[in-house]
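Biologist: Hello! Could you walk me through this structure, one question at a time?
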Protein chains: 2
Amino acid sequence: MKLLVVEDEPKVASFLKQGLEEQDHEITLCNDGKNAIKLAQENQYDVIILDIMIPQMDGLEVAKELRREGNKTPILMLTALGSTDEKVLGLDAGADDYLVKPFEFKELLARLRALSKRNLNNLLEQKILTLNDLELDLNLRVARRGGQTIDLTTKEFSLLEYLIRNKNRVITRTEILEKVWDSGFDSTTNVIDVYINFIRKKIDKDFPTKIIHTMVGMGYIVKSDT
Amino acid sequence: MKLLVVEDEPKVASFLKQGLEEQDHEITLCNDGKNAIKLAQENQYDVIILDIMIPQMDGLEVAKELRREGNKTPILMLTALGSTDEKVLGLDAGADDYLVKPFEFKELLARLRALSKRNLNNLLEQKILTLNDLELDLNLRVARRGGQTIDLTTKEFSLLEYLIRNKNRVITRTEILEKVWDSGFDSTTNVIDVYINFIRKKIDKDFPTKIIHTMVGMGYIVKSDT
DNA sequence: AAAAAAATTAAACTCAAATTAAATTTACTA
DNA sequence: TAGTAAATTTAATTTGAGTTTAATTTTTTT
């Protein structure tokens with residue numbers, strides 16, 4: 001696994017690095033909060049091991065900031081403070097697990113396994129979104145339907161992804177404008193209508209059952225027949 | 001949240017039930033492994049709180065079995081055994097978190113929050129109004145009755161929604177005109193009569209018991225038989 | 001039985017959405 | 001870095017589902 005270890009005490013840091021590398025993990029060390037955020041933004045780690053007591057910005061702040069940005073990387077909080085209140089704060093800040101020093105190394109390994117497994121599942125799942133016979137491949141950035149591979153432009157892809165992720169409920173134009181075009185301002189534009197039309201030509205036109213449905217006066221809905 | 005608590009010690013079970021219900025969670029209690037699996041298969045819980053020491057099939061087995069089936073519900077293992085080995089086993093069995101008895105209740109709550117947050121995104125809350133056997137799905141913007149899905153136009157939907165939200169009392173035309181058509185002025189129009197007719201055709205025509213009743217000289221009423 | 005109220009039907013209208021084309025912006029390539 | 005292709009956006013036009021009006025029939029009340 002690719003791990004980011006945020007820890008300022010050199011002894012603990014090198015202990016972790018050595019132990020984890022022995023288990024064939026790839027470790028990046030970092031000793032303050034600011035850098036930790038930077039690293040987490042620029043790299044895709046399997047788990048972030050985060051000490052609470054670090055310079056610049058404490059671990060709680062780091063966790064909060066990452067979650068605020070939408071970063072979903074599992075965070076394992078690590079700290080000497082073992083009081084329940086501390087744990088509560090850590091978990092509420094966005095940590096996924098919490099381990100109190102001193103700990104046994106094999107417990108750390110087990111928790112890492114549990115955390116990474118979780119994310120792995122999510123990642124695997126999220127690589128391909130499906131809606132009935134339509135597939136949206138997030139890796140290849142293409143759609144597939146009825147054995148056919150359908151190329152999509154960036155905007156077409158984002159729109160379709162948003163629709164599928166929000167299947168089974170009505171999506172308003174305003175909502176789409178905010179989430180896919182990130183501008184809730186221009187209410188006069190008809191880009192959405194045009195793009196819905198583009199997508200329909202590609203994924204619905206040649207098929208008897210349609211994926212995208214218009215709700216006049218409301219917006220659009222994409223639903224799976226159950 | 002909807003929680004499944006798998007715990008055989010009556011004292012602990014009722015303590016958990018009471019404490020969690022005070023936080024407005026919906027609790028299902030279960031005291032053995034076999035039933036736990038059955039319940040987890042048949043219901044969609046936000047988190048499963050799972051004791052390791054339970055009759056029939058221990059918690060580890062339950063977790064493994066659920067994961068083997070592809071069940072992704074977050075599992076919080078709960079146990080008196082605090083040794084690291086136990087934790088490792090639990091986490092490797094597929095648990096997402098681990099809490100050792102005795103624990104402070106607020107830590108349990110924090111861990112539950114952390115666990116559910118992950119999954120919460122996926123579960124879109126079910127917004128459904130019901131009146132006897134009629135359902136009005138606010139997400140899909142459709143009605144359902146007797147297993148049939150009924151499409152409604154925007155106006156039809158708004159009107160039916162207003163009627164159901166104001167069930168068990170007489171609604172005047174003026175009121176409907178104000179609230180659904182937001183114009184109390186035009187008193188000559190008969191749109192409402194026409195739309196009541198539209199709705200009746202869709203939701204009452206094919207069913208012996210009627211939902212919408214006319215109160216001559218007054219308006220309409222929609223009532224639930226109690 | 002007459003009058004009033006409501007239900008029903010059909011036709012007219014309206015505006016939201018679909019479509020098309022052209023203008024503009026962005027991305028790529030030589 | 002200019003030229004070109006692709007993608008995105010704007011704008012104009014067409015279409016049709018949804019809404020409304022209005023006329024007719026049925027039901028209810030007095």
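Biologist: At what angle do the axes of α6(A) and α8(A) cross?

Modeller: A note to begin: this is a predicted model, where local features need pLDDT of at least 70, side-chain atom pairs count only at pLDDT 80 or more, and totals for chains, interfaces and linings use all residues. Residues are numbered from 1 along each chain as its sequence is written, chains are lettered from A and ligands numbered from 1 in the order in which they are written, and side-chain values use heavy atoms, leaving out hydrogens and water. Helices (H or I, at least four residues) and strands (E, at least two) are DSSP runs numbered from the N terminus, while axes are lines fitted to C-alpha atoms, for helices over the stretch in contact, with angles from 0 to 180 degrees between N-to-C directions. The axes of α6(A) and α8(A) come within 10 Å, and they cross at roughly 85°.

Biologist: Why are α6(A) and α8(A) described as roughly perpendicular?

Modeller: Angles under 35 degrees count as roughly parallel, over 145 as roughly antiparallel, 65 to 115 as roughly perpendicular and the rest as oblique. The crossing is roughly 85°. The two helices, α6(A) and α8(A), are therefore roughly perpendicular to each other.

Biologist: How many nonpolar residues has the contact of α6(A) with α8(A)?

Modeller: Contact means heavy atoms within 4.5 Å. Residues of α6(A), including Leu159(A) and Leu163(A), meet residues of α8(A), among them Phe198(A) and Ile199(A). Ala, Val, Leu, Ile, Met, Phe, Trp, Tyr, Cys and Pro count as nonpolar, Asp, Glu, Lys and Arg as charged, and the others, Gly among them, as polar. By class, this contact has 3 charged residues, no polar ones and 8 nonpolar.

Biologist: Now the DNA. How many residues surround DNA strand D?

Modeller: A residue is near a strand if one of its heavy atoms lies within 4 Å of it. The closest to DNA strand D are Thr153(A), Trp181(A), Thr153(B), Trp181(B) and Thr189(B).

Biologist: Which side chain has an N or O atom 2.4 Å from a phosphate oxygen of DNA strand D?

Modeller: Polar contacts here are pairs of N or O atoms within 3.5 Å. For Trp181(A), the distance to a phosphate oxygen is 2.7 Å. The 2.4 Å distance belongs to Thr153(B).

Technical notes
A polar contact is a pair of N or O atoms within 3.5 Å; within protein, one must be able to donate a hydrogen and the other to accept it, and residues adjacent in sequence count only if both atoms are side-chain atoms.
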